[in-house]
Structures are given as structure tokens and as C-alpha cells.
Amino acid sequence: MADKIYLRKLDCYINATEEQKKHPLMAPDRCFDLTKLPDTGIRSEMESFIINRGKELTALSIKSDMYPYNQFCCFLNDKFPDLQTFVGFDLEQAEKKCKAWLLKNGKHLTQSRVKTATGKTEITDSDIIKYLRKVVGFFNKVDEVFNYDSDIWYLEGIPIVLKDNPTKKVKSVNFKRITQEQIREEVKKILYIHLSQKALGTVTAEITALNRFSAFLMERYPEVTSLHDLDRELLEEYLIHTNTEATGRKSYAKELHHLKTVLNTAANVLEDDELDSLFYIDDIGNEPVRIYKVYSDAELVRLNKAIVEMDVQVARALTLHQLLGTRISETLSLKQDAIRQGETGKWLIRIDQVKSRRSYEKVINDDVKVLFEKACSYTNDKFGKQKYVFVNEKNPADAMQYGRIQYQIMAMITKNNLTDDNGERFGVGTHIFRHCYGKKLTEMHVDDVTISKLLGHANTSSVRHYRKIGNEMLSQETKQMRDAMDDVLKDIMGDWDD
């Protein structure tokens, strides 16, 4: 075992490209000094941990491990000088001691940072606490297989065909924030049924609603331990709470709807008819009026000029997303066999809808077909033949995750200081591109039935929202915008020629 692990010896640096190695923040001669650790068995364990991190992270990312590593060494020497192994190490107790150690040494327990993906400031635990969790977790891996009796349901191996979103992978469902033990067990029975009936995203939203309701019960009604204990008076208190005191959301209508749905199912599962009548028909009210936002022509041009400069496959995904008018989940889950030639000779692309589980086809032109094929070739050349056009680089069998798109867009906006027509920084609004697509269709006087089919809607009820924002005539300005978009696409096609 070496005393020091130099960054240049790690796989992430060895496998880096020459261009990456020339990055000014690269520090190949820096090292993790194992002699800073207590002189026990944990030195060899930390060596294996660091080497594994060097396989998973980039060379620049592992460099950021060095600061918490050095703090971690000081903490262990002070609080656990005789520690022989991390196997079976009590993480909860160690975290408490680490926080006390931080305070004693005048260091912060938390830190604030601006999330690149959202532009919002978040408060997180200090780096050393997060590093401690990674180390202990590495040597005490949890068997991430479904176990009904656990308070965390890992979805791997669950005997249910889940209606999941391939672009937003959910590994587990966590019941721990439902603090009432009996309610937690009752909720498990209900949500197990819901997992077989509803989209996974809906079930996770139900858990969010239940978590908030559980916290309210713990604070105001600690004597309530079962859903059987709920009554109308208590529910009215909660409705008042969500309307007057609760913070964090503009509207709780959706959360209350989810809570109502859970209680309706509970009435049958727990054989308690009163649970089915706790909510009155006018309790929840209406969601705020939906006002579809769209980008102006000038905003679209600014965004697309920057999109061209993004990661090549992300740029292709965003370009297809705009040209097809799909939801971003439908673009990212496009399959490589999605294009076929119709009987009339026109090219058709199949859109598999994540939201409704339906599929539909729409006509595409040769430019879209070529862009689609270039995206397929890029994926297959880099990862071998795959199912999806856009893939998760860490696991190419899966579709590209929306989180990557979100991060890349926010990074693009920040890097280029992109602002809207009012001078405000753009947010991450991939769905707004779909609104723009719908708006342009209304400006072209396309009928409602055709618009709904092109957008993949089951009916025409949503078209009115697009007509509200697209009631102007197809003007020369719009034509210029479409011409500009065509030029952007041609630039992309040319830049991406191999």
C-alpha cells in the first residue's frame, strides 16, 4: 500500500483526453495522503475507496474530494483514532460527532450554493458530512432490492409492472418521513395498489402530499396514530393550514387532490367508509388559471444560437424537441426504430407518450430524418447499438435523463448570460418550446383537430390555450423566424457532419 495516491495515477486522469489534461484546473501532482489517517486498517480501506472514486468521477471532480478528505482525516484522528474498519460503522452516531467536531473547530454545519440546474440557492450539509456518508455507504452497501417490510422500497425486483418515466428514473420510494408508524404501514398497503394502477410519478407526488400531512399531524395532533383516527374537523384544520400558513407552494390544490385520492383508496383497503367522505366536493377548489407562456421570435433565436454550441447530443435532442413539438420526455425516449416510410412515400416518426402510454405518428421532412439518423449514429458509434436515440451515458441501456438536459440548459444560460426580452435571466423551460410549436400552428390557421393530433393530445380541449397565445395572423415576422430556425438547423447539420 502506497502512502500517497496521486491524481495522475487514477483511472479518471489516465483515461482523460489530451484536451481535458490541458485544463488549467487539472492538478495531476496533487495527492491523497494516506498517512494523515489513523494508522489502522482504515488506511487500506480508504485506498480502495479513493481508487474506486477515480473510476467513477472525472479528473476535475475527484480533485474536489481533496478538501473534505483532509478534513475527514483530522476528524477521524480526533474522534476515532483507533477505528479499524468502516464495515458496520454507526453512521448516525458518527454524523453527530462530526457536527459537534465542526462546531468545536469553528466550522459551518451547512453551506449554500446555487444549483446550476435551477439557478436557485440551496442549503446543504457541509462537504465533510457528505464525504463521511459516501465513505460509510461504500463499505456498508444496502441491498437495493424490493422489500415490502422496509421503510424504503427499492423498486428493483418489485413484482409490479411499473408505469415509469424512462427519462426520470426513480430508484426507490421512501416512507420514512411519515412519522406515525401505523399510518406508515397503512399507507404502504394503499400505495402498493396505486403503484400497479398509476404512473410512478403520481405515486411519488402522493407521498409528498402524505409527508406534509404527516408533519401537520405530528405538530397539531400527535395523538393521531392511524388513518382511522381522522375526522372531518381535523381535515378542516388542515385545509385552513394549507390556505393560510403553509409555505413553499403557490397552490396546494394538487397535493390536496392526491391526499383525497389516497384516503378514498384507504376507505376500501382499511374498510372504513368514513375516510371516503372526509373531503367535500368544494374543499379543494380550482387550480390557478393556466396561462401558457411562449418565447418571442427574438428569444427563440437567442436560445437556439446558444443551443448550437452545447454538447452535440444534447443540442440535437433540443432541436428535435422543437421541430417535433413533443414533450421533452417523448423526445428523450425516442427509439431508434421510430422512423418508417408511409404508403405515400412520406417519412413518419412514432412518438411514444410517457404521460398517456399512447403512441402516435407524425410526418417529418428529410432534414428531421437526417438529424434523427445522425443522433442514432452518434449513440451507436460511442456505446454500441442501443434502444434509445438519446441515452444515459452512465447506463446506455437507459434513455437520457431529463436532469442532464436541465443542467445543460441552465449552464448554457449562465455561461452566455441569456436574458429574455425584459432583461430577466431565462429559466429552464423546455415545455415552453412545445407551447411555441402549438402557437405557431394556430397562427397558421390549422384546425383544432389537426393541432391536437400534431401535439399528441387525446382531444381538442387544450387547443384553446394555444389559441389564446397565438391569435395573430401568420406575419412576415413569423416567416422570418421560421427561416431563421431553418438556418439554425442547417448550421447544426453542417457542424455535426462527421
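This is a predicted model: local features need pLDDT of at least 70, side-chain atom pairs count only at pLDDT 80 or more; totals for chains, interfaces and linings use all residues.
Residues are numbered from 1 along each chain as its sequence is written, and side-chain values use heavy atoms, with hydrogens and water left out.

Me: How many helices and strands does the secondary structure of the protein come to?
Reply: Helices (H or I, at least four residues) and strands (E, at least two) are DSSP runs, numbered from the N terminus. On that basis the secondary structure comes to 20 helices and 11 strands.

Me: What percentage of the residues in the protein is buried?
Reply: A residue is buried when its relative accessible area is under 20%, exposed when it is over 50%, and partly exposed in between (1.4 Å probe, protein chains only). The protein has 498 residues, and the buried share of them is 46%.

Me: What is the accessible surface of the protein?
Reply: Accessible areas come from the Shrake-Rupley method with a 1.4 Å probe; for residues, only the protein chains shown count as cover. Carbon and sulfur atoms account for 48% of the accessible surface, which comes to about 26700 Å².

Me: Among contacts between residues at least 6 apart in sequence, what percentage joins residues at least 24 apart?
Reply: A contact means heavy atoms within 4.5 Å. Among the contacts between residues at least 6 apart in sequence, the share that joins residues at least 24 apart is 63%.

Me: Where is Trp-347, and is this residue buried or partly exposed?
Reply: Trp-347 has its place in strand S8, which covers residues 347-352. Its contacts, leaving aside neighbours within four places in sequence, include Ile-339, Arg-340, Lys-362 and Asp-366. Asn-365 is 18 residues away from Trp-347 in sequence, with 6.8 Å between the C-alpha atoms. Because its relative accessibility is 23%, Trp-347 counts as partly exposed.

Me: Which residues does Ser-329 touch, not counting residues up to four places away in sequence?
Reply: Ser-329 is found in helix H14 (residues 328-332). Its relative accessibility is 11%, so Ser-329 counts as buried. Not counting residues up to four places away in sequence, Ser-329 touches Asn-165, Thr-167 and Val-354.

Me: How many salt bridges does a search of the whole structure find?
Reply: A salt bridge is a side-chain nitrogen of Lys or Arg within 4 Å of a carboxyl oxygen of Asp or Glu. Some are linked in a network, formed by Asp-151, Arg-184, Glu-185 and Lys-188. A search of the whole structure finds 28 salt bridges.

Me: Why does the salt bridge of Lys-171 and Glu-144 tie together parts that are apart in sequence?
Reply: The side chains of Lys-171 and Glu-144 meet in a salt bridge of 3.2 Å, N to O. Lys-171 lies in the loop between strand S5 (152-154) and strand S6 (172-174), and Glu-144 lies in the loop between helix H7 (127-139) and S5, so the pair ties together parts whose separation in sequence is 27 residues.

Me: How many residues apart are Arg-220 and Glu-245?
Reply: Arg-220 forms a salt bridge with Glu-245, with the closest N and O atoms 2.7 Å apart. Arg-220 is in helix H9 (residues 200-220) and Glu-245 is in the loop between H10 and H11, so that the pair links distant parts of the chain, and the two are apart by 25 residues.

Me: Are Arg-327 and Glu-330 buried or exposed?
Reply: The side chains of Arg-327 and Glu-330 meet in a salt bridge (2.7 Å, N to O). Arg-327 has a relative accessibility of 15%, and therefore counts as buried. With a relative accessibility of 1%, Glu-330 counts as buried.

Me: Where is Glu-271, and is this residue buried or exposed?
Reply: Glu-271 has a positive phi of about 55 degrees although it is not a glycine. This residue is found in the loop between helix H11 (253-269) and helix H12 (297-307). Because its relative accessibility is 73%, Glu-271 counts as exposed.

Me: Where is Asn-417?
Reply: Asn-417 is not a glycine, although its phi is positive, at about 50 degrees. Its relative accessible area is 48%, so Asn-417 is partly exposed. The place of Asn-417 is in the loop between helix H16 (402-416) and helix H17 (430-443).
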